[in-house]
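Biologist: I am new to this structure and would like to learn how to read it. Could you take me through it step by step?

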Amino acid sequence: LSSVIDDFSTFYKPSDSTDVFHINQTLKEAVISFKDSLVTKDIHITEEYNSSKNVKLYKDIFMQICLNLLNNANENFIQKEIKSPKIVISTQDTVNGVEMSILDNAGGIETELMNKIFDPYFSTKVGKNGNGLGLYMAKLVIEEHLNGEIKAENVNGGAKFTIKLKEQHD
């Protein structure tokens, strides 16, 4: 429990300063790290990088958020025994900044759980590895420290997480 509290404290009050990064490069680094961590390499990952804007980020923490979303998809592939697991990662420019999304084909999020997934200590991984803080901390950092937003929805038989961040001019 103390380790979870320490992780939470670090995540909630990042000690690093924000810096300006290109969203595509940061996301590509997270995807490489995710691929390297996979035991089986049977997940088909499509990467569609269409953003040309820079954003202000806590780079390492933002990469952890992306890794958390990718790992959640992977765990759902395993739990639901998805035969042809797919993830589509995309970025695009918006009027005020950038939008990135991670979409999987792992069956989506149960409707009655959708409003709870960003709550602290809520986990669908009862008795497993989950502590219910990953999505909560992601939302906290994105909304309170990066002035952005994160949302989840079910799309085409999978879960789609979308993060919107404001553009940072040099």
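Modeller: Gladly; we will go from the overall layout to a helix, the core and some salt bridges. Keep in mind that this is a predicted model.

Biologist: Let us begin with the layout. How many helices and strands does the protein have?

Modeller: There are four helices and seven strands. Reading from the N terminus, their order is α-β-α-β-β-α-β-β-α-β-β. The protein has 170 residues, of which 39% count as buried. Contacts tell you about the fold too: among those between residues at least 6 apart in sequence, 72% join residues at least 24 apart.

Biologist: Which residues of α2 are buried?

Modeller: Buried here means under 20% relative accessible area. In α2 that applies to Ile23, Asn24, Thr26, Leu27, Ala30, Val31 and Phe34. These residues cover an arc of only 165° around the axis, so they sit on the same side of α2. On the face turned away from that buried side you find the exposed residues Ile32 and Asp36.

Biologist: And the core? Which residues have the most contacts inside the largest nonpolar core?

Modeller: That core has 44 residues, and those with the most contacts inside it are Ile87, Ile89, Phe161, Ile163 and Leu165. Helix α3, residues 59-79, gives the largest share of this core, with ten residues. Take Ile87 as an example: beyond its neighbours within four places in sequence, its contacts include Phe34, Ile45, Leu70, Phe77 and Leu103.

Biologist: Last, the charged pairs. How many salt bridges does a search of the whole structure find?

Modeller: The search finds six. One of them pairs Glu47 with Lys35, with the closest N and O atoms 3.4 Å apart. Glu47 is in strand β2 and Lys35 in helix α2, twelve residues apart. Glu47 counts as partly exposed at 31% relative accessibility, and Lys35 is partly exposed at 35%.

Biologist: What about Lys53 and Glu167: how far apart are their closest N and O atoms?

Modeller: Those atoms are 3.7 Å apart, in a salt bridge. Lys53 lies in the loop between β2 and β3 and Glu167 in the segment after β7, so the pair ties together parts 114 residues apart in sequence. Lys53 is buried, with a relative accessible area of 14%, whereas Glu167 counts as partly exposed at 25%.

Definitions and conventions. Residues numbered from 1 in each chain as written. Predicted model: local features only at pLDDT ≥ 70, side-chain atom pairs only at ≥ 80, totals over all residues. Heavy atoms only, no water. Helix = DSSP H or I, 4+ residues; strand = E, 2+ residues; numbered from the N terminus. Buried < 20%, exposed > 50% of the residue type's maximum accessible area, 1.4 Å probe, protein only. Contact = heavy atoms within 4.5 Å. Arc of directions from axis to C-beta. Core = buried A, V, L, I, M, F, W, Y, C linked by side-chain atoms within 4.5 Å. Salt bridge = Lys/Arg side-chain N within 4 Å of Asp/Glu carboxyl O.
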